Amino acid sequence: MCESRPLNSQSMVATLTSTPPSFLPLWRRKLPTYNPTQCLGTGKEALEISSNGYIKTNTIDFPEKGISTHPGTSSTPRPPRPRRIILVRHGESEGNVDETVYTRVPDPKIDLTEKGKAEAEECGWRIREMIEKDGANDWKVYFYVSPYKRTLETLRHLGLAFERSRISGMREEPRIREQDFGNFQDREKMRLDKALRLRYGRFFYRFPNGESAADVYDRITGFRETLKADIDIGRFQPPGEQSPNVNLIIVSHGLALRVFLMRWYKWTVQQFEGLNNMGNGNLIVMQKGYGGRYSLSMHHNEEELREFGLTDEMLIDQEWQKTARIGELNYDCPMVNSFFPHFEDEGCIT
């Protein structure tokens with residue numbers, strides 16, 4: 001078996017700097033710096049000062065990992081994580097009350113009903129009331145929204161609850177769009193397809209010319225990685241501020257939000273298929289726990305989470321999430337204990 005040893009950083013630097021540049025492979029030569037994402041100031045300033053005000057040193061820092069390449073030096077501190085990630089399903093749409101709309105109007109262009117607009121505005125005031133109970137004066141909200149018309153309209157009416165100074169930004173995010181059911185939909189064929197989905201399995205059944213929930217999972221995974229990177233580098237912080245009272249609000253669709261939770265908490269396919277859809281204009285709150293991780297149990301009670309479809313195992317995990325620190329693993333995960341039946345002989349709790 002080969003044994004890998006950590007390299008001494010000083011010897012690495014000496015080796016690299018002692019080699020004439022012309023003899024270095026191209027990938028190891030120092031090339032001119034070009035940063036297309038930062039256009040202000042000089043190239044040196046772009047390297048030394050990030051968009052969040054972090055001063056860069058000669059070491060290579062990775063704020064998303066909280067580490068530095070030089071041992072013995074202090075790493076750049078993490079910016080405060082947002083207090084909440086709030087998931088909002090769009091208000092009632094015309095397609096929710098009349099399925100024939102899908103046969104003549106493209107899914108991304110379906111409007112909200114008047115009831116849906118009222119639901120969205122009410123949701124906004126509910127969110128504001130929840131945030132104000134924190135007692136903080138510097139709170140702000142940042143929005144991610146699906147590009148579908150019904151979600152954009154939901155955000156527009158939800159946003160009536162917030163003045164401009166409270167909104168730190170918004171981003172239209174195509175990866176959190178609705179599951180694709182296949183362009184214009186034939187009503188009777190769609191009913192048949194949905195019946196087949198129940199027989200085949202809600203997660204893996206792919207609609208003809210459309211997507212399965214598994215396909216949505218793949219693009220939600222990409223969005224989650226972007227979101228986590230944005231959180232780790234403090235993308236939502238106003239310039240010069242480091243406030244722990246930022247609240248992220250994701251306005252999307254029922255299935256996409258359930259898949260988002262599945263991906264975030266690493267729920268199984270079976271656990272996903274037991275979840276119930278959120279009502280129009282309703283929300284689910286992921287709130288930062290005592291150790292920095294997000295837990296549904298910080299805001300919701302057991303009855304609410306069971307109504308949504310969480311099982312005993314999922315509820316136990318949410319309680320663990322309340323106190324666990326970032327980066328910790330649940331080595332007493334009840335799902336592991338229940339998956340392997342022979343663990344019962346060892347007295348493991350399932």
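This is a predicted model: local features need pLDDT of at least 70, side-chain atom pairs count only at pLDDT 80 or more; totals for chains, interfaces and linings use all residues.
Local features are reported where pLDDT is at least 70, side-chain atom pairs only at pLDDT 80 or more, and totals for chains, interfaces and linings use all residues. Residues are numbered from 1 along each chain as its sequence is written, and side-chain values use heavy atoms, with hydrogens and water left out.

Let's start with the overall picture. The protein chain has 12 helices and 8 strands; these are DSSP runs numbered from the N terminus, with helices (H or I) of at least four residues and strands (E) of at least two. Of its 350 residues, 44% are buried, meaning under 20% relative accessible area, while exposed is over 50% and partly exposed lies in between (1.4 Å probe, protein chains only). Among contacts (heavy atoms within 4.5 Å) between residues at least 6 apart in sequence, 70% join residues at least 24 apart.

Now to the annotation. An unreviewed UniProt entry marks a "binding site" that includes Arg89, Glu94, Arg150 and Lys189; such annotations may be inferred rather than shown by experiment, and feature names are shortened, with positions in the numbering used here. Arg89 lies in strand S3 (residues 84-89) and counts as buried because its relative accessibility is 11%. Leaving aside residues up to four places away in sequence, Arg89 touches Asn96, Ser252 and His253, among others, as well as Asn277, Met278 and Gly279. A polar atom of the Arg89 side chain lies 2.6 Å from the backbone oxygen of Met278.

Glu94 sits in helix H3 (residues 94-97). With 32% relative accessibility, Glu94 counts as partly exposed. Again setting aside residues up to four places away, Glu94 touches Val101, Ile110, Asp111, Leu112 and Thr113.

Finally, look at how the helices pack. The axes of H4 (residues 114-132) and H5 (residues 149-158) come within 7 Å and cross at roughly 50°; axes are lines fitted to C-alpha atoms over the stretch in contact, and angles run from 0 to 180 degrees between N-to-C directions. H4 and H5 are therefore oblique to each other, the class left over once under 35 degrees is roughly parallel, over 145 roughly antiparallel and 65 to 115 roughly perpendicular. Residues making the contact include Lys117 and Ala120 of H4 and Thr154 of H5.

The axes of H7 (residues 213-233) and H8 (residues 254-265) come within 9 Å and cross at roughly 65°. Among the contact residues are Ala213 and Tyr217 of H7 and Phe260 and Trp264 of H8.

Definitions and conventions:
A polar contact is a pair of N or O atoms within 3.5 Å; within protein, one must be able to donate a hydrogen and the other to accept it, and residues adjacent in sequence count only if both atoms are side-chain atoms.
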